[in-house]
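The following exercises concern a single protein chain. Each task is followed by a solution worked in steps.

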Amino acid sequence: MPMRDGTILRGAVHRPAGGGRFPALLMRTPYGEDSFRTAPVTPALRAGFAVVLQHCRGRGSSDGEFRPWVDEGADGHDTIVWITAQPWSNGEVVMSGMSYLAGCALQAAATRPPGLKAVVASMTPHDFHDGLKYHGGAFALGSALNWGAFQTMLGLLHAAEAGEDAAAGLAAVLPVLGDQDAAARTLPIGDIPGIPWWHDWTSHVERDAYWEELAETLRHDRVEVPVMHVAGWFDLFLGGTLENHRRLGGPLVIGPWSHLAPGAAGTGRLFFGGAASAQAIELEQRELAFLKGEDTGPAVKIFVMGDDVWRDEEAWPLERAVATPYFLHTGGLLSPEPSSASEPATFTFDPRDPVPTVGGPTLLPDPTNVGPQDQRDVERRPDVLCYSTEVLTCDVEVTGPVSVTLHAETSAASTDWTAKLVDVHPDGRAMSVIDGIVRVTESSGIFTIDLIATSQVFKAGHRIRVEVSSSNFPRFDRNPGTGRIGATEADLVVQRQKVFPDSYVTLPIVPR
């Protein structure tokens, strides 16, 4: 498949055995031959599609250099042109995929290729700076390191298969792959070796021309075809998928899934029942029906955790949800009643001993460190504040966007404020629901931490809890106290923190 610059991309084409002209389902992947084996080829053939599985440039058997996100729009456009010129094509193409593959589809759609009719985009960011490499101003260290090292290895294997000498590259990246925990503690962060794009990601902290150039490849205002969105409550791109849905419209499905286990019935330490799986709601069949223009499903379908049921909705966010503040009382009470006190809660944060990442929307080397996890060990730390409601006498449903607004103060020039929403079970388990972070350069003020969204019923007999601290490592890089991503070990500053009792979490409570 020749691209406009002469580069040859390659892949596999599957066609229904009966012959004829067919619409084509295109999936473009940077993950090599193994990813072809999990593609929905047989269901798509049975639905009447030809299927084109293509390696992105510089991956699999395709020629060229892989540059994350840079070439996918143009290459997707050229591939669609190639498909529509084939004798087995009826001139119509649809695209589907998850994560990077979904990004490829949206980037191609933004070029408005003739013949593209629809896209299914699952678990993918809406922007390459915000929500992918940076969250609330903090660098998404864990996912960037894990994905970057893996992609580097794929590229080196690709080069070796082409007869190139990959020895030096392998020598640089293998130690990083082998011990990512140690690599994550490298200071300055930009000195982590072996990943070709690492310096770009870490040196462009602000949204500058580097990110704006990439953003031009994913212009939502240029996407004209219908898009179906699939998300997971524990996916690191939940915010991106919700933003794609907000900008582009189309049906939305959100399950209790993580990035590495989309469609599973259990995530982290919780099993949500067989009905929670993608198979239970025939998601694959619905996606194919959408791509054929035959979808009759609900506008929004969400899995309500706690009740552990699917529910159809007319729109997202839910109009009937009531944004309700719960205040963070000094002493540890979480209550819808404001505090009459003014004394802050305090803790000391040392970036040499950051709060460890335990669960959440992660993409870390340990695939089990994801989703709902018991936070009791984390909560025993002196640098974690916990605020809990009284034991609930009735169910409380929280469905929609969640944020924490802190009135806070630090002794450092810069600090991070983190927050986590937790479901405390009657047996004492403190199961994480969602979390977020914001990096600030003001010593005091009002700061908002975006926890994205959830649909969680806190059952009678449970308690709602909010944790507040200043790190979540290695999901995010440590703030040395200066805010500089280029800090060395000698630059790390102990930070003395205050959280005032007029701080609050905003919970979108749905009347039961």
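**Exercise 1.** Which elements do the buried residues of α3 pack against?

Solution. The structure is a predicted model, in which local features need pLDDT of at least 70, side-chain atom pairs count only at pLDDT 80 or more, and totals for chains, interfaces and linings use all residues. Residues are numbered from 1 along each chain as its sequence is written, and side-chain values use heavy atoms, with hydrogens and water left out.

Step 1. Locate the helix: α3 covers residues 72-84. Helices (H or I, at least four residues) and strands (E, at least two) are DSSP runs, numbered from the N terminus.

Step 2. List its buried residues (buried: under 20% relative accessible area; exposed: over 50%; partly exposed: in between; 1.4 Å probe, protein chains only). They are Glu72, Gly73, Asp75, Gly76, His77, Asp78, Thr79, Ile80 and Ile83.

Step 3. Identify the partners, where contact means heavy atoms within 4.5 Å. The buried residues of α3 pack against the strands β2 (22-29), β3 (50-55), β4 (89-98) and β5 (116-122), and against helix α4 (100-109).

**Exercise 2.** Describe the setting of His245.

Solution. Step 1. His245 belongs to helix α10 (residues 238-248).

Step 1. With a relative accessible area of 11%, His245 is buried.

Step 2. Leaving aside neighbours within four places in sequence, His245 is in contact with His229, Gly250, Pro251, Leu252 and Trp316.

Step 3. Pro317 lies in the loop between β13 (309-313) and β14 (322-328).

**Exercise 3.** Examine the backbone at Pro188, Glu282 and Ile452.

Step 1. The bond from Leu187 to Pro188 is cis, with omega near -5°; Pro188 is in the loop between α7 (180-184) and α8 (198-203).

Step 2. Glu282 has a positive phi of about 50°. Glu282 sits in the loop between β11 (270-271) and α11 (283-291) and is partly exposed at 49% relative accessibility.

Step 3. Ile452 has a positive phi of about 70°. Ile452 is found in strand β21 (residues 444-458) and is partly exposed at 29% relative accessibility.

How values were computed: The expected span of a helix is 1.5 Å times one less than its number of residues.
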